Amino acid sequence: RSPGTMTATTTELAMSETPDISVVIPLLNESESLPELAAWIDRVMTANRFRYEAIFIDDGSSDSSWNVIRSLSATNPSVRGIRFRRNYGKSAALYCGFEAARGEVVITMDADPPDEIPELYRMITEEGYDLVSGWKRRRHDPIGKRWPSKLFNATARATSGIRLHDFNCGLKAYRKKVVKSIEVYGEMHRYIPILAKNAGFTRIGEKEVHHRARKYGHSKF
């Protein structure tokens, strides 16, 4: 089923101005971590005087994630929510998040520190990159996840000619034109830099970012 036709419930952002930044956050069963993450994003944005929207895409969670998102949206007009009635996967969540994003720069993140956002924004707006991908040089993932990732990234570099260490890092920044020009479906979220290059966006960069061990649970994607 196409992501564009899936049933979703959306809470709209009460904001008339175009945001500087849209933060797109796909999630599944993350009710414990959402209040802290939303507060952290807000602190970073306020400190840097960014107009922003945070779009939380609930990929069919079975916990109270959607209720938490609704509560956050009720108290913070910068928070928006999209809810899938069942689990469709990360690519579908990003597809809908990209479609909804209004910011001039779009940031995607999972459980990543929002402290990286100002520098990612600067690299897009001042250095002229179309896409900047995070690189977690030191990872806290188990070795069974790190070695397949190394093999995937080596293969992706060799076939695409894009010199990135971590194609699948969830923390990325995009010029708005990029996310409006690509379609992410199936498992294609792993190949977004390649999709962007094929769409004519060749200014692709990388930023080394800090990888935090998760405070709550583990990634569900």
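Arg122 is partly exposed, at a relative accessible area of 26% (the partly exposed class lies between buried, under 20% relative accessible area, and exposed, over 50%, using a 1.4 Å probe and protein chains only). This is a predicted model, where local features need pLDDT of at least 70, side-chain atom pairs count only at pLDDT 80 or more, and totals for chains, interfaces and linings use all residues. Residues are numbered from 1 along each chain as its sequence is written, and side-chain values use heavy atoms, with hydrogens and water left out.

Let's stay with Arg122 for a moment. Its side chain forms a salt bridge with Glu119, with 2.7 Å between the closest N and O atoms; the term stands for a side-chain nitrogen of Lys or Arg within 4 Å of a carboxyl oxygen of Asp or Glu. Both residues sit in helix 4, three residues apart, or about one turn of the helix. Helices here are DSSP runs (H or I, at least four residues), as are strands (E, at least two), numbered from the N terminus. Glu119 is partly exposed too, at 28% relative accessibility.

Arg122 also pairs with Glu127, where the closest N and O atoms are 2.4 Å apart. Shared partners join Glu119, Arg122, Glu126 and Glu127 into one network of salt bridges.

Now let's turn to another pair. Lys90 and Asp110 meet in a salt bridge of 2.9 Å, N to O. This pair links distant parts of the chain, 20 residues apart: Lys90 belongs to helix 3 (residues 90–100), while Asp110 lies in the loop between strand 5 (105–108) and helix 4 (117–125). Lys90 counts as buried at 13% relative accessibility, whereas Asp110 is partly exposed at 25%.
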